[in-house]
Amino acid sequence: MTTAISIQQVGKTFGAVRALDDVSFDIITGELHAIMGENGAGKSTLMKILAGVITQYDGALVVDGNRAAFQGTRDAEASGISIIHQELNLVEQLSVAANIFLGRELTRFYGFLNHPEMERRATVILAELESGIAPDALVSTLRVGDQQLVEIARALMLQTRILIMDEPTSALTEAEVARLYRVIERLRAKGVTILYISHKMDEVFHLSDRITVLRDGRFVQTVATKDTNPREIAHLMVGREISVREKARTIQAADVVLEVKNLSLPWPGRAGKWRLKDVSFRLRKGEILGVAGLMGAGRTELLECLFGASEHRSTGDILLDGRACDFRHPAQAMQAGIAMVTEDRKRLGLFSQLSVGENISISALSEVSSAGIISGSRERAAVTDQIRTLRVRTASEEAGITTLSGGNQQKCIIARCLLTEPRVLLLDDPTRGVDIGAKSELYQLMEDLASNGMSILVTSSELPELLSVCDRILVLKEGRLTAEFAASDATEQKIMEAATGPGL
Ligand SMILES: Nc1ncnc2c1ncn2[C@@H]1O[C@H](COP(=O)(O)OP(=O)(O)OP(=O)(O)O)[C@@H](O)[C@H]1O
Ligand SMILES: [Mg+2]
């Protein structure tokens with residue numbers, strides 16, 4: 001066994017935050033080493049140090065026996081280390097191939113870019129990833145899952161020996177995850193060392209040889225995966241037992257708040273294909289309604305239509321309190337009392353130039369504030385209150401939003417939605433990238449909100465999550481509703497069958 005990277009007393013301070021403190025452990029050549037820890041534990045920070053993204057830190061890195069002094073990602077890449085970031089890091093205005101070759105463009109005579117060759121090689125790599133993404137497609141037109149694959153392709157192009165994956169599956173469907181696992185197997189067969197960050201226990205236990213747990217920036221323990229279990233790891237992460245929640249809520253028959261009748265959304269350029277087709281359902285006051293389905297089944301599109309955020313016009317009826325509404329813009333939906341937490345926080349959710357507090361209080365729409373929902377000092381108090389209830393880990397309200405860990409950024413988006421005091425809350429995969437402790441807090445919060453009369457429509461790619469929190473679950477397959485289950489008789493098995501089977 002040789003040591004690929006030795007992490008020695010590494011520390012990192014951002015302003016008042018000690019993100020990493022005296023962290024030491026070794027990565028063995030060829031292993032898949034998982035890093036776990038709560039949101040803000042310091043995982044991404046440590047990975048950024050290994051990948052040369054962060055160059056100022058305390059302590060030392062020894063790579064292949066030599067002390068590393070990376071001045072940037074290029075130095076790390078030259079040592080064979082590359083990273084797939086948690087928050088995708090692509091240039092949206094460029095093509096897939098251009099992103100894969102960014103900074104290492106292939107040229108022909110006189111330095112002209114060799115587009116055909118880059119596109120050809122990109123196609124080969126993408127095919128290796130079992131992906132049919134067109135190399136000349138603009139990255140901005142891809143959904144999150146495909147963007148992530150482009151990042152992976154970029155790392156593969158570099159002939160990486162040590163690959164860091166920071167929550168690579170957080171935006172992938174089950175099928176894509178299975179595909180990623182195959183890619184990982186192939187990389188391991190080639191001897192690539194993999195550092196793998198994830199909040200998903202099953203995934204970590206399926207893939208890893210060893211697990212290192214960080215807590216509050218400190219090293220807790222490294223354990224061999226075969227010698228431990230999820231319960232022990234959870235305990236190491238949070239330093240206390242986490243109770244498994246029992247579903248206790250039963251809801252009474254209540255008024256219908258939102259009714260959707262025959263909602264259809266055409267698939268532009270695909271005659272006869274539908275993003276959504278004849279979707280009808282009712283959402284009652286105080287109800288938590290889940291929407292299950294594979295990625296591409298229309299979950300996000302459904303929520304976007306209800307929120308007036310769909311690029312294309314839908315047909316059918318959306319009735320709020322019995323009144324037909326036809327939102328052309330999210331501002332109108334928000335005024336009517338609908339709020340949405342989007343799945344893609346970087347693209348649709350956050351304002352990277354603004355502070356944590358501003359991101360929470362910003363209601364991009366003056367209508368909302370002038371409607372008297374929030375103003376001035378009440379606003380600040382409300383922001384402080386949300387930061388506390390959601391336990392957002394931030395140095396202060398004035399800190400820049402990009403200084404927060406991924407999971408904490410997600411909490412800010414949820415906080416912002418709650419500030420508008422919506423009657424209907426649309427949550428698109430809200431616990432993506434959120435640690436297990438914060439997840440159970442979020443479920444509790446959803447139940448509290450529902451008990452106070454808020455109606456919630458929630459999608460998730462994690463079925464156990466929907467099963468534990470929803471009163472009812474709808475299943476979408478290729479844009480159509482194929483099943484509806486009461487919480488009491490829904491099972492993962494039944495939902496998967498409805499999501500993948502021959503359908504109605
Ligand atoms: N550029 C920065 N400026 C200030 N603080 C930062 C910066 N980057 C990270 N931090 C802080 O360092 C701590 C560790 O953050 P990090 O992103 O490493 O957490 P993480 O373990 O990856 O969490 P998550 O699971 O949410 O992704 C957090 O408190 C975070 O707010
Ligand atoms: Mg992180």
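1. Let's start with one pair of residues: Ile 81 has Ile 162, in strand β7, as its bridge partner. Strand β6 (residues 81-84) and β7 (residues 162-166) run parallel and pair over four bridges; two strands count as paired if DSSP finds at least two bridges between them. Helices (H or I, at least four residues) and strands (E, at least two) are DSSP runs, numbered from the N terminus.

2. A word on what you are looking at: this is a predicted model, in which local features need pLDDT of at least 70 and side-chain atom pairs count only at pLDDT 80 or more, while totals for chains, interfaces and linings use all residues. Residues are numbered from 1 along each chain as its sequence is written, and chains are lettered from A and ligands numbered from 1 in the order in which they are written.

3. Is β6 covered on one face or on both? Both: Ile 81 and Ile 83 are buried on one side, Ser 82 and Ile 84 on the other. Buried means 20 or more other C-beta atoms within 10 Å of the residue's own, exposed means 12 or fewer, and partly exposed is in between, with C-beta atoms placed from the backbone. In a regular strand, side chains alternate between the two faces of the sheet.

4. Now the largest nonpolar core, with 69 residues: Leu 457 and Ile 338 are among those touching the most other members. Such a core is a set of buried Ala, Val, Leu, Ile, Met, Phe, Trp, Tyr and Cys residues joined through C-beta atoms within 7 Å. Helix α15 (residues 406-419) contributes the most to this core, seven residues. Because domain 2 (255-337 + 423-432 + 454-504) and domain 3 (344-421) both supply residues, the core lies between them; the domain bounds come from an automatic or database domain assignment.

5. Take a look at helix α18 (residues 492-500), whose buried residues are Ile 495, Ala 498 and Ala 499. They sit on the same side of α18, because they cover an arc of only 100° around the axis, taken from the directions from the helix axis to the C-beta atoms.

6. How far can you trust the model? Mean pLDDT (the predictor's confidence in each residue, from 0 to 100) is 86 for the protein chain, and 92% of its residues reach 70 or more. Over residues 364-372, however, pLDDT stays under 50. Where pLDDT is low, the predicted coordinates should not be read in detail.

Notes: Two residues are in contact if their C-beta atoms, placed from the backbone, lie within 7 Å.
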